[in-house]
Amino acid sequence: MRKPKATRMVFALSLGCLIMVVFYFNSNLKPASEPVGERSSGQKSRRSPLQTLYDGDQIESAVQGIHHGRRELLEEACHSYTRKRRVLIPEDLKHVIVDDQHGLLYCYVPKVACTNWKRVLMVLTGVAGSHRDPLAIPANEAHVAGNLRTLSEYSTSQINQRLRTYLKFIFVREPFERLVSAYRNKFTRSYNTAFHKRYGTKIVRRHRPDPQPEALEQGNDVSFEEFVYYLVDPATQREEPFNEHWERVHSLCHPCLIHYDVVGKYETLEQDSRYVLQLAGVEDQVSFPASSKSTRTTGDMAAQFFQNINPFYQKKLYNLYRMDFLLFNYSIPAYLKFR
C-alpha cells in the first residue's frame, strides 16, 4: 500500500511545480494588444460598443428593434437548419477583422461594401496614418494583407476573450445580387486579368464546347451561364474551395458558430453602418462613405442575368446558396423559374 501513496505524492509535487511554471510564464507574457476596457489604473474605462448595444439607451429604439429582430431570425434559422455544432478553429476566423482600440470584430464579405468597411477600420485603428477620410485610401491598399489584423492571428484565450466582449458585426446581401456583382466585377472588367487567367481559362476549358485558342489562353469572355455551370459542377469544390468573392456567407463568417450582435444589410447599408459607428462611439470621428448607386448591381439587373439560365441550373444554384437565403431572411427571387 505504500508504493501507490508515494507515487501519488510525487505526482502531486510534479503537478504543483508545473502549475507554478505555467503561472510564471503567463504572468510575464505581454498581450498582443490592449483590448478596449482594459486600461491602466489611472485611466477611466469607457463603455464598450457591446455594452452600448445591450444597454440600448443612446440609440434610436426603432433601429434597435430592427437589429434585435435580425438577431432573433438568425438564431432561429441556425436552430432550424443546422444540425451539428462544432468548435471554431483559427481557419474559420481569417475573415474576422479586429479593432482592439474600439472593441470591434467585423467579418468582411466581398461584394458587400467590404472595401469601404476596411477603409473605415484603417482610419479607426490608425493604419491609415493622417488620412481621416476613408475614401482617401486607395481601394487596393485597403485589401493589402497585414494592414488589419484578423482574429485568426490571436491565441486561443485572446480569441475567446474578444468573442465574449467585443461587438461582432457582419454585412450581408441578397445572395444572387452579390453573385451577379461578383461576376460583373471579376469577369467583365478588362483590368481583372488575374481572375481571367486563374478562373476564366478553367471555366472556358471545362464548360464551353469547342473553345477558340484565344479564349483558352486569355479567359476574358466567360459568360454568366458558363460561370453558373462552373459553380454547380461538383468537381469545382472537390478541387479547391470557392474564391471568397462567390463563397457563401455562412462559409466565410460562420454565423451559427459566432453570435453576431449586428447583422447589417447591403439594402440598408448607410443606416446600418451609421448604427455600428454610433455603437462604437466614433460617429463624430469617421463617416461611412456613400456608395455609388449608378454602378450597383440591383435585383432587376440580376433578373436579366438569370433570364437565359435553364430552370434546372437555377434550382441547383439556389440549393448551393440556400443557407444564405434562409439565415439572412431573403426570399426566393421572383424571377427564378424552377418553382
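Okay, quick definition to start: buried means under 20% relative accessible area, exposed means over 50%, and partly exposed is in between, with a 1.4 Å probe and protein chains only. By that rule D92 is buried, at 6% relative accessibility.

Now, this is a predicted model, so local features need pLDDT of at least 70 and side-chain atom pairs count only at pLDDT 80 or more, while totals for chains, interfaces and linings use all residues. Residues are numbered from 1 along each chain as its sequence is written, and side-chain values use heavy atoms, with hydrogens and water left out.

So, salt bridges, meaning a side-chain nitrogen of Lys or Arg within 4 Å of a carboxyl oxygen of Asp or Glu. How many turn up in the whole structure? The search finds 13.

Back to D92: its side chain meets that of R86 in one of these, at 2.8 Å, N to O. R86 is partly exposed, at 43%.

Then there's E91 with K94, at 3.2 Å, N to O. E91 is exposed, with 52% relative accessible area, and K94 is partly exposed at 44%.

Are E247 and R248 buried or exposed? Both are buried, and they form a salt bridge too, with the closest N and O atoms 2.7 Å apart.

There's also a network: R198, K202, R206, E239 and E240 are linked by salt bridges.
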